[in-house]
Amino acid sequence: MKKGDLWIILIIISVIPCSFSATVSVLKKKEPPVKDCIRDIKNKSEMCHNTTQIAVPLVNQTVTPKPKLAEFQIDAHKTISISKDDLNDLLDVYMDKLAENAATIQEKENEIIKLQSGNKSDEDQLKKYQEQLEACQMQNTTLTHTLSERDEQIKALQLKTSVYETRLKRKQNLLAVHRKQNATNAATINELKARVKVLAYKLRERKDDLLADWEAATNSCLPHNKMSGIHLMELPDFRPFLVACEGNGWTVIQRRLDGSVNFYRNWNEYRNGFGKLNGEFFIGLEKLYRLTAFQPHELFVSLRLFNGSHRVAFYDDFVIGSETEGYELKLLGHFHGNASDAMRTHDKMKFSTYDRDHDEFTHINCAEYHHGAWWYDFCSRSNLNGKYFKTQTDSEQGIFWDQWYSFKSLKSVQMQIRPKNAKT
């Protein structure tokens, strides 16, 4: 609504009571005294005159009434005059405008109510959205924490995966190596199978030979005088056993060649024997006792030095006692040969090992001192079962045959016996 319209409405509202009061004041105003009043009945008019006024005849005269005016003072300097009819017309116009404005205001109020209702719904929706937002934020925080934990787990799993990949590569490399080795082993197995077949054939042949030897078992190597090799020997009250025979009926009882067999052994092993008959070995004290007890034997010792020279020692009556006698060296007989008579000091001595001390020393074990086993006395001038050295070594633990009380080691040794009644 414009400012001018507002002013007009205010004027109309204020003018209405004023117009009524003006009318009333007009009606109540005393008429001036007239002497003569002429009424025109036809025209329903009358004419009153003051005594001071000049009388004008009213007959046949039409008088137009002047409209009644109302004055309004807007301010100290401005006054407006308006008739009642114009005022009523103007009031009707503005009343219509007021009605239109009231309807417009009602519409606007309805729109405002509707908007307020919509705003309330929007506020409820906003509140719901805020609650959902808070829930989402809380869930987001939880999910962020969970995601962080999952990230740590992923990193740990990636580290484990890296470790497992490294292990897998290592296992794959090992698997490749093992496969290659398996291929090599398969080839070796095939080769060994072929060798087993050959050995089985040889074993069958050897079995046949052993069966033949069993039937032709002897008590010495004399029957095999011209045939060196391994043969079966049988003695009274003793199980048959194999021996290594040399030419001229000699039975090998001890051999040292290259140090492939350890001779630092206990009493039971020296009693039973050890090693291989076609290599380094010791026949065994029990077998040696049975052989020398069955019939008199002679002993032949072959010695080779590292400088290539060869020496021998021969004893014409060799006998040892039983285990209860400590396998005592009972007889040696006469000595012959280009080596020294180094076994003479061991005559009548019992056999000693590191776990069975029979030597003449009371404060030491000669078998431990000389790292061997022998018929020790105080302690030894010969030590053919001592430690093998690859080169000539001056050591009391070595294989030596002493002529000048020296411990120079020997390169090889072989001890042999045969019955004394052998004819050469």
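Author: A disulfide here is a pair of cysteine sulfur atoms within 2.5 Å. By that test C221 is joined to C245, with an S to S distance of 2.0 Å. Keep in mind that this is a predicted model.

Reader: How many disulfides are there in the whole structure?

Author: The search finds two. The other one joins C366 to C379, at an S to S distance of 1.7 Å.

Reader: Now the C366 and C379 pair. Where do they sit?

Author: C366 is in helix α5 (residues 366-369) and C379 is in the loop between α5 and β14 (412-419), 13 residues apart. C366 and C379 are both buried. The S-S torsion of C366 and C379 is about -75°, so that disulfide is left-handed.

Reader: What is the pairing if you number the bonded cysteines in sequence order?

Author: The pairing is 1-2, 3-4.

Reader: What about C136, how accessible is that one?

Author: C136 has a relative accessible area of 45%, so it counts as partly exposed.

Reader: Change of topic: S352. Where is it?

Author: S352 is in the loop between β13 (335-336) and α5. Its relative accessible area is 0%, so S352 is buried.

Reader: What does its side chain reach?

Author: The side chain of S352 reaches the backbone nitrogen of H358 at 2.8 Å.

Reader: Which residues is S352 in contact with, leaving aside its neighbours within four places in sequence?

Author: S352 is in contact with D357, H358, D359, A367, A373, W374 and Y376.

Reader: Last bit, the overall picture. What does the secondary structure come to?

Author: The protein has five helices and 14 strands. Of its 424 residues, 29% are buried. The protein exposes about 28,500 Å², with carbon and sulfur atoms supplying 55% of that area.

Reader: And the contacts between residues at least 6 apart in sequence, what part of them join residues at least 24 apart?

Author: That comes to 46% of those contacts.

Technical notes:
Residues numbered from 1 in each chain as written. Predicted model: local features only at pLDDT ≥ 70, side-chain atom pairs only at ≥ 80, totals over all residues. Heavy atoms only, no water. Helix = DSSP H or I, 4+ residues; strand = E, 2+ residues; numbered from the N terminus. Buried < 20%, exposed > 50% of the residue type's maximum accessible area, 1.4 Å probe, protein only. Polar contact = N/O pair within 3.5 Å; in protein donor to acceptor, adjacent residues only side chain to side chain. Contact = heavy atoms within 4.5 Å. Areas by Shrake-Rupley, 256 points an atom, 1.4 Å probe, with all protein chains shown as cover.
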